Amino acid sequence: MMNILKTKNNIYLLYFYLFFAQLFFDRALWVIYLGDKGMTLGEIGVLEALLHLAIVLFEVPTGMIADLYGRKVSLVIGNLFSLLYGLFMLLSGNFSMFTLAFLSMGLMVTLHSGAEQAFAYDTLKNDKREKDYTRVIGSMTAISLLSLSLAKFLGGFMAEVSWEWVYGSTIVTHVLAVIPLLFMKEPEREKTEEISGRWYNQWVHQFRLGVNVWRSNRIIHAPVVLFILASAVMVIMVFYGQEYFVELGYSSVVVGAVFTIEGLLGVVMAKIAYKVEERFKFFNILYYGLGLFLVFFALFIFATDWAILLSFLILAQLLSLFEPIFSSFVQGFLKSNIRSTFLSLIGLMESFVIMISFPLFGYAIERTGFTDGFAWLLLIFFVLAGGYLVGQRMKMKGRM
């Protein structure tokens, strides 16, 4: 009974932590803020690229920190970088200081990614409650989306007063985020065997363990690849979709309402994901979901009027629904001493694909327009996803 109580306390404290950790009040305003500080659009693009570069470079090493030294250690250090981000943005007046801010944000993302999910799964595993993971990760996602939506809403009012309010409040909320971390109990996990030699030998060994998970579990290949591709597509659609909707004639009020609805629906999808997981087999969810994704992607490009907005909302919800189910599926193949490392490897590949495709898509729509740009994106997604699945099936037949 005491173990169950500790487990529940851990999960509830994690919920509180996530709420405060997602309160970035500049999420819908940072481009405007940088413009007010004299940054050109080109410089803003470089800063965004630097953020993704930091994620690509440090995603795996920071994931190994969580596995080697503890999930709490990773989350506390990550929260310190959140504080540095708010501080650098508040004090910055030139490109160099903004670079430090965005690098801090990138490091924060890498230290949090994987560690939060690993903390939740190991907490439940210690009490033999792994079956509750999809429900818990759905609640974690829902809380994060609600918190971020609240931050976007309040940030606009704060910015009307002063930018000091925006970034000062961000610093305060991330100080508060440390409090629940202090009371969380580090869940027990298998320890990676000690490797003799210099410290980096241990890190190299940890990385190899993560790669071995991929090599020895071919069943997770298709879900991981499809998830990375779909996630990259949605990042592009969400970012460039704002300007696309305006070009279609929708007012900024309507666009804002669409993205607010998208976030709120995401909360619902995350909360009901475990019910879908209970009712359907994982690979049925994966393949039928892929089919629906392709259908509504095509409608998003070639439909008219409200059907475009509806298609966008459905696409976003398909991914919001699948993400907790995907996480639960992958977690089942991981030992706790490699959990964060492997999840960080997935995050690394996702960030790398986004870093490459994001500017290429922007370059494409400047020359061909949004419709042709999205049509090419659909074709590339279809060829990569379909080609990979066909290749996997042929390999399986070859072994038979």
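This is a predicted model: local features need pLDDT of at least 70, side-chain atom pairs count only at pLDDT 80 or more; totals for chains, interfaces and linings use all residues.
**Entry 1: Gln331**

Leaving out residues up to four places away in sequence, Gln331 touches Gln117, Ala118, Tyr121, Tyr133, Arg339 and Leu343 (contact means heavy atoms within 4.5 Å). I located Gln331 in helix 13 (helices are DSSP runs of H or I with at least four residues, numbered from the N terminus). Gln331 counts as buried because its relative accessibility is 0% (buried is under 20% relative accessible area, exposed over 50%, partly exposed in between, with a 1.4 Å probe and protein chains only).

A note on conventions. Residues are numbered from 1 along each chain as its sequence is written, and side-chain values use heavy atoms, without hydrogens and water. Local features need pLDDT of at least 70, side-chain atom pairs count only at pLDDT 80 or more, and totals for chains, interfaces and linings use all residues.

**Entry 2: helix 7 against helix 13**

Next I checked how helix 13 packs with helix 7. Helix 7 spans residues 133-161 and helix 13 spans residues 306-331. Their axes come within 9 Å and cross at roughly 135° (axes are lines fitted to C-alpha atoms over the stretch in contact, with angles from 0 to 180 degrees between N-to-C directions). The two helices are therefore oblique to each other (under 35 degrees is roughly parallel, over 145 roughly antiparallel, 65 to 115 roughly perpendicular, the rest oblique).

Which residues meet? On helix 7 I found Tyr133, Thr134, Ile137 and Gly138; on helix 13, Pro324, Ile325, Ser327, Ser328 and Gln331. By class, this contact has 4 nonpolar, 5 polar and no charged residues (Ala, Val, Leu, Ile, Met, Phe, Trp, Tyr, Cys and Pro are nonpolar; Asp, Glu, Lys and Arg are charged; the others, Gly among them, are polar).

**Entry 3: salt bridges**

I then turned to charged pairs. How many salt bridges does the structure hold? The structure holds 6 (a side-chain nitrogen of Lys or Arg within 4 Å of a carboxyl oxygen of Asp or Glu).

Asp67 pairs with Arg71, with the closest N and O atoms 2.7 Å apart. Asp67 counts as buried because its relative accessibility is 2%. Arg71 is buried too, at 0%. I traced a network of salt bridges linking Asp67, Arg71, Asp122 and Arg339. Arg339 is also one of the residues that Gln331 touches.

Asp132 bridges to Arg129, closest N and O atoms 3.1 Å apart. Asp132 also meets Lys131 in a salt bridge, at 3.5 Å from N to O. Is Lys131 buried or exposed? Lys131 is exposed, because its relative accessible area is 69%. Asp132 counts as buried at 13%, and Arg129 is buried as well.
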